[in-house]
Amino acid sequence: MQERQPNSIPVTVFTGFLGSGKTTIILSLLSRVPKGYKLCLLKNEFGDAEVDSELAKENNLEVQEIINGCLCCVLVGQMKSALIELKDKYNPDRIIIETSGSAFPAPISWQIREMSEDGFTLDSIITVIDCINFRGYEDTSYTAKMQAQYTDIILLNKHELVEERELDLVIDHINELNTDTPKIKCEGKNGVSPDLIFGIDTKLFSLATTESGEKSFSELIDSQIQDHHSTEIDLIQVTVEMQQPNNYYENDSLQLDQVEGSLVEKTSDHKIDFPFPLMMQQFITFLESLPKDDIYRLKGLIRLIDDSEFMQNDTFTQTNNNQPAEVKEINCQLYIINHAFGRYTITPIQRSHSLPNKNILVKITVMGTNLRTYLHRIRTGLCVQDKHIICHFAYN
């Protein structure tokens with residue numbers, strides 16, 4: 001691994017389309033760098049569900065977050081402040097920037113280069129390709145093509161999950177966009193060796209020059225890039241907070257009559273009034289109903305009830321007058337949900353007490369195309385109301 005230059009922190013930028021597996025690869029590096037080698041992550045989330053950042057923190061990786069926008073266009077000014085804060089606070093051996101899945105890398109690399117006097121050196125741009133889904137979104141996403149073109153190394157992720165013929169087709173399509181850039185197969189969940197992606201000393205700026213000199217920042221953002229989020233990706237954000245009249249879910253438990261008014265209606269059939277934590281299997285059924293061709297990503301935080309515990313607690317035991325005999329506490333665990341193109345993980349958060357907002361019931365961002373047609377399914381699947389939903393639909 002290349003030694004750090006005095007007074008200069010190397011920066012590695014990871015790009016890749018939504019759901020390509022950037023976070024998983026970055027986290028795999030933690031166990032493969034030398035002991036004592038300090039990494040920090042600057043994470044850009046498009047939307048406000050900082051799920052990948054929470055995954056990183058669960059793995060004891062120091063994280064700085066920039067949310068609700070994209071580093072390559074509207075948030076470029078915030079990146080400098082965030083990098084300087086990481087440097088001053090942690091003095092890391094290397095900073096990794098993970099861009100949002102819809103980010104264009106050239107403007108990001110340009111700004112890092114401009115920060116050389118602040119003690120930062122752009123080492124490389126790494127693009128992660130999802131071998132399962134690349135051919136599906138390549139034709140519809142200009143950004144995905146640019147990510148494959150403007151890069152020092154292309155990582156072929158999830159290649160072991162496709163047939164050899166399909167992998168050949170994916171590589172053929174990538175070669176049409178970028179023939180010369182090295183292409184490396186990831187090692188499943190082990191990611192890739194840091195020796196292969198650290199110490200690259202990028203030469204990509206030669207791609208952004210003209211005979212009269214380097215392009216300005218505004219010239220790097222062409223007309224297709226400037227509004228690419230609005231024209232490529234639909235976004236649905238769901239946010240529900242639990243009310244806290246009596247500290248009811250301290251230690252991740254709750255009482256059934258203390259969530260946003262009365263949870264249990266005082267009727268004989270004891271219907272549940274929303275919002276209310278879903279049961280695990282109910283949520284899994286919803287996830288598995290989502291079509292991967294249109295719904296690229298669903299990520300965020302959600303509280304779920306374990307099905308078996310819910311039934312064992314006999315929560316809705318009735319008395320002779322059809323009223324609940326008592327309201328019992330049940331476990332209500334906060335989970336990280338990470339869903340991409342039909343594949344998903346549900347990870348319990350062990351450090352939920354340290355979250356900025358401890359009252360989260362649902363905080364999920366859905367990204368894809370044609371999401372208008374799935375709005376009702378998302379609303380009913382998550383058991384939320386219109387007031388909990390914000391939509392941003394792409395236009396052509």
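Visitor: What makes F17 count as buried or exposed?

Guide: The model is a predicted one. F17 has a relative accessible area of 2%. Buried means under 20%, so F17 is buried.

Visitor: How do you know whether Y296 is buried or exposed?

Guide: The relative accessible area of Y296 is 5%. The limit for buried is under 20%, and Y296 is therefore buried.

Visitor: Why is the pair of F17 and Y296 called edge-to-face?

Guide: The ring centres of F17 and Y296 are 5.7 Å apart, and rings pair if their centres lie within 6.5 Å. Their planes stand at 65°; planes over 60 degrees apart count as edge-to-face, so this pair is edge-to-face. It is one of three aromatic pairs found in the whole structure.

Visitor: Which parts of the chain does the pair of F17 and Y296 link?

Guide: F17 lies in the loop between β1 (9-16) and α1 (22-29), whereas Y296 belongs to strand β13 (residues 295-305). The two residues are 279 residues apart, and the pair links distant parts of the chain. F17 and Y296 form one aromatic cluster with F341.

Visitor: What makes strands β15 and β16 a pair?

Guide: Two strands pair if there are at least two bridges between them. Six bridges join β15 (residues 333-340) to β16 (residues 343-348), and these strands run antiparallel. N338 stands opposite T345 in β16. In the hairpin of β15 and β16, F341 takes a positive phi near 50°.

Methods: Residues numbered from 1 in each chain as written. Predicted model: local features only at pLDDT ≥ 70, side-chain atom pairs only at ≥ 80, totals over all residues. Heavy atoms only, no water. Phe/Tyr/Trp six-rings, centres within 6.5 Å; stacked < 30°, edge-to-face > 60°. Helix = DSSP H or I, 4+ residues; strand = E, 2+ residues; numbered from the N terminus. Buried < 20%, exposed > 50% of the residue type's maximum accessible area, 1.4 Å probe, protein only.
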